[in-house]
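Here are some questions and answers for a first look at this model. Please view the sequence and the structure before reading on.

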Amino acid sequence: MDKHIAQRIEDRINECFMKVMGRVPHYAVVYRSIGRGVAGMYQHGLRRLTFDPWYADRYTEHYIQQTVAHEVAHAICNMLYPDAKQSHGPEWRSIMRALGVPASTDHPYRDWE
């Protein structure tokens, strides 16, 4: 993956954290193929955000604005609402609204191919 795209992803991560939490907590970022149509994921036990470079390279603008925000919203939700019952529940949706991003639970990338 182009290092410029990786830097933009990391800038977007920090922007999202700052917008909702006012600070950037410790987290890890991994770039690797996730498989099975998964564009990104957050692993709360590891505080790790994983992004698939294949999607980031092909759908850069949408990926950075939407997919990165989606995964960061999971991280924020886990930090602010550790007892939330649903991964895409009302707490997560409220964070997505605060980020100004549609609370979509599925990416459109396979429809664009």
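**The core and the chain around it**

Q: Which residues touch the most other members of the largest nonpolar core?
A: This is a predicted model. Its largest nonpolar core holds 30 residues. Those that touch the most other members are Ile9, Ile13, Phe17, Tyr63 and Val72.

Q: Which element gives the largest share of this core?
A: Two or more core residues come from each of helix H1 (3–21), strand E3 (48–51), helix H2 (53–58), helix H3 (60–80) and helix H4 (90–99). The largest share is 10 residues, and the element that gives it is H3.

Q: Leaving aside neighbours within four places in sequence, what is Phe17 in contact with?
A: Contact here means heavy atoms within 4.5 Å. With those neighbours left aside, the residues that Phe17 contacts are Gly22, Arg23, Val24, Pro25, Tyr27, Val72, Ala75, Ile76 and Met79.

Q: What pattern does the chain follow along the sequence?
A: The secondary structure consists of four helices and three strands. Read along the sequence, their pattern is α-β-β-β-α-α-α.

Q: Why is the chain called as compact as a globular protein of its length?
A: For 113 residues the globule rule gives 13 Å. The chain counts as that compact because its radius of gyration is close to this value, at 13 Å.

Q: What percentage of the residues in the chain is buried?
A: A residue is buried when its relative accessible area is under 20%. Of the 113 residues in the chain, the buried ones make up 40%.

Q: How far apart are the centres of the positive and negative side chains?
A: The chain has 14 positive and 13 negative side chains. The distance between the centres of the two sets is 5 Å.

Technical notes: Residues numbered from 1 in each chain as written. Predicted model: local features only at pLDDT ≥ 70, side-chain atom pairs only at ≥ 80, totals over all residues. Heavy atoms only, no water. Rg over C-alpha atoms; globule rule 2.2 N^0.38 Å. Buried < 20%, exposed > 50% of the residue type's maximum accessible area, 1.4 Å probe, protein only. Lys, Arg positive; Asp, Glu negative; His and termini not counted. Charge placed at Lys NZ, Arg CZ, Asp CG, Glu CD. Core = buried A, V, L, I, M, F, W, Y, C linked by side-chain atoms within 4.5 Å.
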